[in-house]
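The report below describes a pair of protein chains through their helix packing, their contacts and a few backbone details. Please read it alongside the sequence and the coordinates.

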Amino acid sequence: MTALPDIHPPKARARRRNSLTPWLFLAPGMLMFAVYVLIPIFQSVWVSFHDWDGLGPMRWIGLANYSELWWDDAFYTSLKNNVLWLALYLLAVPLGLLIALFLNQTVKGIRIYKSLFFFPFVISQVVVGLIFSWFYAPGFGLLYVLIEWVTGTGVAILADERYVTYGIIAAGLWPQIAYCMILYLTGLNAVAPDQIEAARLDGAKGWRMLWHVVLPQLRPATFIAVVVTVIGALRSFDLVSIMTSGGPFGSSRVLSYYMYEQALSEYGYRMGYGAAIAVVLFAIMMIFITGFIWKMWRDERGL
Amino acid sequence: MFPRPIQTMSPAFQRSYKIALPIMLVLWLLPLLGVALTSLRPSGDLAAGNYFGIPSRIAFENYADVFRNSPIAQYLLNSFRITIPTVIGAVGLSCLTGYALAVYKFRLSLVVFFMFVAGNFVPFQILMVPVRDLTVNMGLYNTVTGLALFHIAFQTGFCTLFMRNFIKALPRELIEAARVEGVNEWQIFWHIVLPLVRPAIAALSVLVFTFIWNDYFWAMVLTTGAETQPITAGLNSLNGQWVAAWHLVSAGSILAAMPPVLMFFLMQRHFIAGLTLGAVK
């Protein structure tokens with residue numbers, strides 16, 4: 001009874017012979033990904049310790065870019081707006097669920113309705129930005145006229161420091177809600193009908209049914225919806241650029257836009273300072289990315 | 001089914017649901033409908049303050065105007081020249097990587113896989129300065145090729161995630177049986193796996209097409225000028241020129257939105273299958 005289990009199964013040798021094959025399949029994709037995605041991350045960190053206009057020689061300045069950031073009011077405005085984006089953008093998840101519940105019926109033509117509700121996600125953010133600029137436009141924008149009609153005075157949302165970021169976030173929510181909706185519609189399709197029936201016989205309905213029976217089954221959809229929404233909120237760039245260019249007076253900037261502005265604006269190329277902003281944004285995102293990856297890794301191991 | 005099918009509800013409830021559906025839809029798409037209507041309104045109407053009423057006539061000439069007086073045809077062409085190679089490149093590369101990560105068991109397999117997944121989530125700005133520099137040094141700044149190369153590399157991350165999971169769900173016995181027969185690895189990939197992943201290729205193609213068509217940030221970073229810029233960046237500069245000419249801006253927007261919308265309606269099933277991958281266990 002002392003025999004140890006064989007720790008060298010005969011298969012291992014055969015497997016080693018093939019160990020080069022997967023790397024050959026991986027090589028082209030990994031090479032491209034390394035050159036354009038992985039290595040640039042480290043290069044950006046390196047650039048952030050320099051003063052560089054993108055053309056001439058780079059000058060090492062240590063942490064000077066970061067200490068400048070520390071005292072930069074525009075940086076804090078952008079950071080504050082990013083937090084606002086993150087918090088409000090997450091509303092897309094419950095609102096998407098709400099629309100999905102509304103549409104999860106089998107009446108005639110419902111498929112067309114579902115596709116049309118999904119519409120805003122398919123069109124480019126540039127077009128969404130232009131559509132909402134028109135919607136908000138002072139004097140004749142649909143929303144402007146509506147507000148004027150209700151309250152007596154119109155509000156030029158995109159020209160008002162108090163409202164501008166909310167106005168842009170609302171534009172961003174439109175396609176994002178559509179995306180969350182489609183995730184939940186797919187999820188609802190797969191909810192086990194027998195569990196619903198059983199719970200119904202036990203007298204569960206409405207909110208309690210949703211909370212205790214349906215939502216737990218929708219967990220994979222919720223996970224993806226949250227991941228995509230968080231990433232989307234921190235990546236927001238297109239709408240800010242199209243709708244306000246960060247204005248009025250820089251009040252609607254977010255980190256991604258501020259970075260772009262510093263690195264490539266008409267006021268001169270400050271690549272080092274831009275890279276430092278990007279590193280901060282990357283660090284914030286890493287908190288979330290690590291969390292997502294950790295969960296996915298655990299699921300993968302659990303298989 | 002949740003919520004309860006309305007067929008089990010009172011007729012009055014059913015009727016109100018059927019009335020509510022189109023009303024909700026119109027409200028939901030109100031901004032888009034407004035723009036679509038504006039794109040068909042003659043400029044005279046706008047000057048006269050007729051923004052919401054019935055257009056005095058349908059003005060298709062707005063579209064003709066946009067084509068005649070702006071490089072929008074060139075922008076649209078550029079978008080295709082960037083998008084199509086990217087779709088082919090990224091989907092092709094990810095067939096290879098996805099196969100390697102799904103079929104072979106090797107020590108670093110999960111590490112490589114999660115590297116692709118994580119890279120896919122990073123903010124674009126952390127890549128911007130080095131990628132722009134690299135593109136300039138390769139002499140590809142302000143070229144369609146330079147932009148497409150970056151897109152191929154970046155999209156490979158998402159496509160690998162998708163392909164690997166798709167291939168992993170295929171029956172393993174097929175591959176094992178072929179190995180026993182002595183079929184070599186490349187032939188297994190080419191003759192057995194590739195035909196089976198056709199639905200995944202279709203789904204990825206429509207998704208990548210839409211993502212790249214709608215890309216704006218990289219177009220702004222890696223291209224300037226009408227000979228190379230895609231429609232998203234082009235629309236931005238036209239918007240600067242056409243201050244307050246909303247009938248033209250609207251027509252341009254509708255044109256820019258058209259290709260992905262058509263793609264969506266033609267390939268709806270694949271599109272949604274791709275987007276909702278992983279939304280159900």
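Helix α15 of chain A passes helix α6 of chain B in a right-handed crossing, where right-handed means that the near helix is turned clockwise from the far one by less than a right angle, and left-handed that it is turned anticlockwise. This is a predicted model, in which local features need a pLDDT of at least 70 and side-chain atom pairs count only at pLDDT 80 or more, while totals for chains, interfaces and linings use all residues. Residues are numbered from 1 along each chain as its sequence is written, with chains lettered from A and ligands numbered from 1 in the order in which they are written.

**Helix packing between and within the chains**

The axes of α15 (residues 271–302) of chain A and α6 (residues 109–119) of chain B come within 11 Å and cross at roughly 145°. Such axes are lines fitted to C-alpha atoms, for helices over the stretch in contact, and the angles run from 0 to 180 degrees between N-to-C directions. Helices (H or I, at least four residues) and strands (E, at least two) are DSSP runs, numbered from the N terminus. On the side of α15 in chain A, the contact is made by A:I289, A:I293, A:M296, A:W297 and A:E300, and on the side of α6 in chain B by B:L110, B:F114, B:V117 and B:A118; two residues are in contact if their C-beta atoms, placed from the backbone, lie within 7 Å. By class, the residues of this contact divide into eight nonpolar, no polar and one charged, with Ala, Val, Leu, Ile, Met, Phe, Trp, Tyr, Cys and Pro counted as nonpolar, Asp, Glu, Lys and Arg as charged, and the others, Gly among them, as polar.

A helix pair inside chain B can be described in the same terms. The axes of α8 (residues 144–168) and α11 (residues 198–213) of chain B come within 11 Å and cross at roughly 150°, and the two helices are therefore roughly antiparallel to each other; angles under 35 degrees count as roughly parallel, over 145 as roughly antiparallel, 65 to 115 as roughly perpendicular and the rest as oblique. Helix α8 passes α11 of chain B in a right-handed crossing. The residues in contact are B:H151, B:Q155, B:C159, B:F162, B:M163 and B:F166 from α8, and B:A200, B:L204, B:V208, B:F211 and B:I212 from α11, and they divide into nine nonpolar, two polar and no charged.

**Chain A and its interface with chain B**

Chain A has 15 helices and two strands. Its radius of gyration is 25 Å, well over the 19 Å that the globule rule gives for 303 residues, so chain A is more spread out than a compact globule; the radius is taken over C-alpha atoms, and the rule is 2.2 Å times the number of residues to the power 0.38. Along the principal axes, the C-alpha atoms of chain A fill a box of roughly 85 × 70 × 30 Å. Of the contacts in chain A with a separation of 6 or more, 69% are between residues 24 or more positions apart.

Between the chains, 78 residues of chain A are in contact with 76 residues of chain B. Helix α2 (residues 21–47) of chain A gives the most to the side of chain A that touches chain B, with 17 residues, and that side has 60 nonpolar, 15 polar and three charged residues.

**Individual residues**

Buried residues make up 42% of the 303 residues in chain A. A residue is buried if 20 or more other C-beta atoms lie within 10 Å of its own, exposed if 12 or fewer, and partly exposed in between, with C-beta atoms placed from the backbone. The table gives examples from both chains.

| Residue | C-beta atoms within 10 Å | Class |
|---|---|---|
| A:Y89 | 21 neighbours inside 10 Å | buried |
| A:S245 | 15 neighbours inside 10 Å | partly exposed |
| B:N142 | 16 neighbours inside 10 Å | partly exposed |
| A:K295 | 12 others within 10 Å | exposed |

A:Y89 is placed in helix α4 (residues 73–89) of chain A and, not counting residues up to four places away in sequence, touches A:I169, A:G172, A:L173, A:Q176, A:T229, A:G232 and A:A233. A:K295 lies in helix α15 of chain A.

Most residues other than glycine have a negative phi, and most peptide bonds are trans. A:S245, although not a glycine, has a positive phi of about 50°, and its place is in the loop between α13 and α14 of chain A. A:P248 lies in the loop between α13 (238–243) and α14 (255–264) of chain A, and the peptide bond from A:G247 to A:P248 is cis, with omega near -5°. In chain B, B:N142 has a positive phi of about 60° although it is not a glycine, and B:N142 is found in the loop between α7 (125–137) and α8.
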